[in-house]
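Hello,

Here is the structure I said I would pass on. My notes on it follow below.

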Amino acid sequence: MDTWEQSTKAQTFIPRHQGSMLFTSGHSWRHISSRRIFSRVFQLLLLIVLVVTVVINVLFILDTSRKLQEESSYPDNPEGISVTEKRHKSLRLQESLPKTLMIEVLSSQSKVSVSVDGTTILEDAEDNKGRGIHVLVLNQATGSVMAQRMFDTYSPHEDEAMSLFLNMVSDGRIIIFTIKDEGTFQMKQPARDLMKRLGSKKSHVIGWRDMWAMVTQKGGKMFGESYSKSPEFNSWGAPVLLRVEVPLVPMEDSECDWPDTEENQRRRAFCNRIEGYGSVCSCSDPAPVTFSPEPLPNSRVYDVPVAIIASNRPHYLYRMLRSLLSAQGANAEMVTVFIDGYFEEPLEVTRLFGLRGIQHTPIGQKNARISQHYKASLTASFNLFPDAKYAIIIEEDLDVSPDFFSYFSQTLGILDEDKTVYCVSAWNDQGYEHTSEDPSLLYRVETMPGLGWILKRSLYKDELEPHWPTPEKLWDWDMWMRLPDIRKGRECVVPDISRTYHFGSSGLNMNSYFQDVYFKKHAFNTQPNVKINDIVSVKKDNYEAQLEDLLRKAIVLDHSKSPCEDNFIPDTKGKVYVMFIKMNNHRDFTSWLQVSKCFKVWDLDARGYHKSMWRMFMKGNQLLIVGVPNSPYSIFKPSQVTPILLENHKMDRNRIR
């Protein structure tokens, strides 16, 4: 572009007048002044409000103080109850006003469940488990779960256990029932009558594979019941779903007014949370939970730790502790309850009696878990009491005799004086009602019985603890202790009449049938102050001399008869008899196991023998059973006597009663 010319279309630029800028500045100043005035006015108002608030608060405090002084001097308020206290009482009253729970219960072949206000508190849908009647107990004031039980009423005696439990529940509690799979096959009339008294209108018709649910209040109203009948033998009733509304009662109506003592503080803490323990929670006549047993003069076991081996069977633990703490010479300070797992109720039972309770983390499965629990409990016992030379071990499903501690006090010295003895047990494997008679008599046996025994610290620390079976080995700890490498030729001392009684009918290796057949008829000493006769007689050499003396004077039974015949043992009293059975080596128990069936003693394996010989009482007479030729006592067999040989297929079923 060489030349420039103005465009005729362009507009001429005219600068703005300076006056417009002055106008804008003045407008901004007036705006700022207005904001400052508004801020000052707002601050003044806030100050006035603050002053008024302070004045009102001061006046309120002065007025409240005056009223409090006046109330404390009123003649109709002799206790001087303050307004604050009255307000708290009023709030508590409002909180205790009745409310309701919405409860939903399912009963079906494969699943049971219970929900309260939409929250599931019970659900069991696991295959092949949980068969029977599930029972829940709720607090009638809070709705909290106080007990949960499952009774396999398809099996024998479970209906009796359920009835016992329900009878132990306090009046007023809310009880929920629901059936999974089958729940009536073994439910006899007494249990059905109890259900009827609790309000059921269907207890007499519930049958095979029927479904049923009920919500009731013990001693009160039945809130609802639902029932579905099985259409045929191979089918189940249709699932039932029961929905009910349950009113809650004020808290004060659900608690007992016991005197405020240390014992009752433990009782109250327990009974407000846990149910099914009967008279211990009675408002009018509560059973004691503190014991003052008769002292045991010159006790050698007063300071010996007592380890209770427990799991999640709180009712067993409760029964066992009552008998233990009532026994002469019991020292509660030395008792520790070891619980296999973090279960609340067994620990609450332990605290109820004011005892020490320790929970262990479970290790292993099945028998290995039990074995590891024993090891942990024994180790902890000796750690808790580092100066203790011995420990007494007892399981939660055992009653103890009145002379339990006296028995161990009298026999303790044997552990130190005779190196061929490695334990003293309160249990006789062959000690049944018809095979035991003398509570003052002791035996030596090669098989470790357990079920209440005393252990030497040095044996555990030096030999057992370092070699205890590891968690992956599914071994029974007591069977392991019977192994030759562990026993090392040593034996256990046992009484003729046991000082413990096995009452538990449920457990890993236990059921009601097993309890009935092998434990129910065990002899149990109930006499106090039993003096053991001639304790030194069970020392090794003395015991051999005693046995030889018995064998020399023993009358040989008629070996032409079967031991299963009722007249095999003569109807005499106070005699000593001997019989000889075939036993080719130390593991040949064929004939013995058949004889044990005839005699109705333990017959699942060989136990309770000494040098291939068994001792017991039969019909009031001492009986010696000698295994020939394995036993060294075979030399006492007359030459004309042929040892009895019994095999499985030849055993006579006409057994002695």
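Strand S21 (residues 576–583) and strand S23 run parallel and are joined by 8 bridges. Please keep in mind that this is a predicted model. Across that pairing, Lys582 stands opposite Val628 in S23.

The two strands belong to an open sheet of 4 strands, in the order S20-S21-S23-S22, with mixed pairing. At its edges are strand S20 (555–556) and strand S22 (613–618), each of which pairs on one side only.

Two helices lie across these strands. Helix H14 (residues 540–553) lies across S20, S21, S22 and S23, and runs at about 60 degrees to S22. Helix H15 (residues 590–599) lies across S21, S22 and S23, at about 140 degrees to S21.

Gly627 is part of strand S23 (residues 621–629). Is Gly627 buried or exposed? Gly627 counts as buried because its relative accessibility is 0%, and the cut-off for buried is under 20%. Leaving aside residues up to four places away in sequence, Gly627 touches Ile581, Met583, Ser612 and Ser634. The C-alpha atom of Gly627 is 6.0 Å from that of Phe580, although the two residues are 47 apart along the chain.

Next, the aromatic residues. The whole structure holds 27 aromatic pairs. One of them is Phe185 with Trp208: the ring centres are 5.9 Å apart and the planes are at 70 degrees, so the pair is edge-to-face. Phe185 lies in the loop between strand S6 (174–180) and helix H4 (189–197), and Trp208 in the loop between H4 and strand S7 (211–217), so the pair ties together parts 23 residues apart in sequence. Phe185 is partly exposed, at 48% relative accessible area, and Trp208 also counts as partly exposed, at 25%.

Another pair is Tyr318 with Phe353, which is tilted because the planes are at 40 degrees, with the centres 5.6 Å apart. This pair links distant parts of the chain, 35 residues apart: Tyr318 is in helix H6 (residues 314–326), and Phe353 is in the loop between helix H7 (344–352) and strand S12 (356–360). Both Tyr318 and Phe353 are buried. Ring pairs also link them with Phe270, Tyr277 and Phe291 into a cluster.

Finally, two charges over rings. Arg267 lies over the face of Trp258, 5.7 Å from the ring centre. The charged end of Arg319 sits over the ring of Phe503, at 3.9 Å from its centre.

Regards

Definitions and conventions: Residues numbered from 1 in each chain as written. Predicted model: local features only at pLDDT ≥ 70, side-chain atom pairs only at ≥ 80, totals over all residues. Heavy atoms only, no water. Buried < 20%, exposed > 50% of the residue type's maximum accessible area, 1.4 Å probe, protein only. Contact = heavy atoms within 4.5 Å. Pairing = 2+ DSSP bridges. Axes fitted to C-alpha atoms, helices over the stretch in contact; angles between N-to-C directions. Phe/Tyr/Trp six-rings, centres within 6.5 Å; stacked < 30°, edge-to-face > 60°. Lys NZ or Arg CZ within 6 Å of the ring centre and 35° of its normal.
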